[in-house]
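Open the model in your viewer and keep the sequence panel beside it. Then follow the stops below, one selection at a time.

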Amino acid sequence: MEEARIDKWLWASRIFKTRSIAADACKNGRVAIGGVNVKPSRMVKVGETVSVRKPPITYSFRILKTIEQRVGAKLLPEIYENVTAPEQYELLEMTRISGFVDRARGTGRPTKKDRRSLDAFISDME
């Protein structure tokens, strides 16, 4: 297979859990190829780089094989190469550390200890 639909490829390569979520991401402008947002029906070829925005970071994948059928997780290194910039992973780690982004829903306001550790973290960054 030389070409595949982008929504099917994103689903088959396990970047999105369902094909409808992959199609919605394309429709909402969160998937780009070469800096251009794509529609779900866009055909992809081997060698193209797909950018997927999953806030807070943007993942980049180089297509090594076009598939439209879902494969096992062990076969993923044959399907795509992750070329995401290291700065994106640093950004992800910073949002994890900050506390508020990863704070569980329903846990209420930060405690005094949480507030002090957050203040210490922010003052270290400045």
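This tour goes from confidence to the sheet, and then to the rings.

**Before you click**

This is a predicted model, in which local features need pLDDT of at least 70 and side-chain atom pairs count only at pLDDT 80 or more, while totals for chains, interfaces and linings use all residues. Residues are numbered from 1 along each chain as its sequence is written, and side-chain values use heavy atoms, with hydrogens and water left out.

**Stop 1: colour by confidence**

Colour by pLDDT, the predictor's confidence in each residue, from 0 to 100. The protein averages 86, and 91% of the residues score at least 70. Now select helix α4 (residues 86–98): among the elements, its mean pLDDT is the lowest, at 76. Strand β2 (residues 31–33) has the highest, at 95. Helices (H or I, at least four residues) and strands (E, at least two) are DSSP runs, numbered from the N terminus.

**Stop 2: the sheet**

Show the strands. Five of them form an open sheet in the order β3-β2-β5-β6-β7, with antiparallel pairing. Two strands pair if DSSP finds at least two bridges between them. Which strands stand at the edges? They are β3 (36–37) and β7 (80–82); each has a single partner strand, so one side of each is left without a neighbour in the sheet.

Next, select β5 (residues 49–54) and β6 (residues 57–63). Six bridges join these antiparallel strands. Find valine 50: its bridge partner in β6 is phenylalanine 61.

**Stop 3: the aromatic rings**

Show the side chains of Phe, Tyr and Trp. Rings pair if their centres lie within 6.5 Å, using the six-membered ring of Trp; planes under 30 degrees apart count as stacked, over 60 as edge-to-face and the rest as tilted. The whole structure holds four aromatic pairs.

Select tryptophan 9 and tyrosine 80. They are edge-to-face, 6.0 Å centre to centre, with 70 degrees between the planes. Tryptophan 9 is in helix α1 (residues 6–12) and tyrosine 80 in strand β7, 71 residues apart. Buried means under 20% relative accessible area, exposed over 50%, partly exposed in between (1.4 Å probe, protein chains only). Tryptophan 9 is buried, because its relative accessibility is 0%. Tyrosine 80 is buried too, at 16%.

Now select tyrosine 59 and tyrosine 89. This pair is edge-to-face, at 6.3 Å and 65 degrees. It links strand β6 to helix α4, 30 residues apart. Tyrosine 59 is partly exposed at 21%, and so is tyrosine 89, at 34%.

Finish by selecting Trp9, Tyr59, Phe61, Tyr80 and Tyr89 together: ring pairs link them into a cluster.
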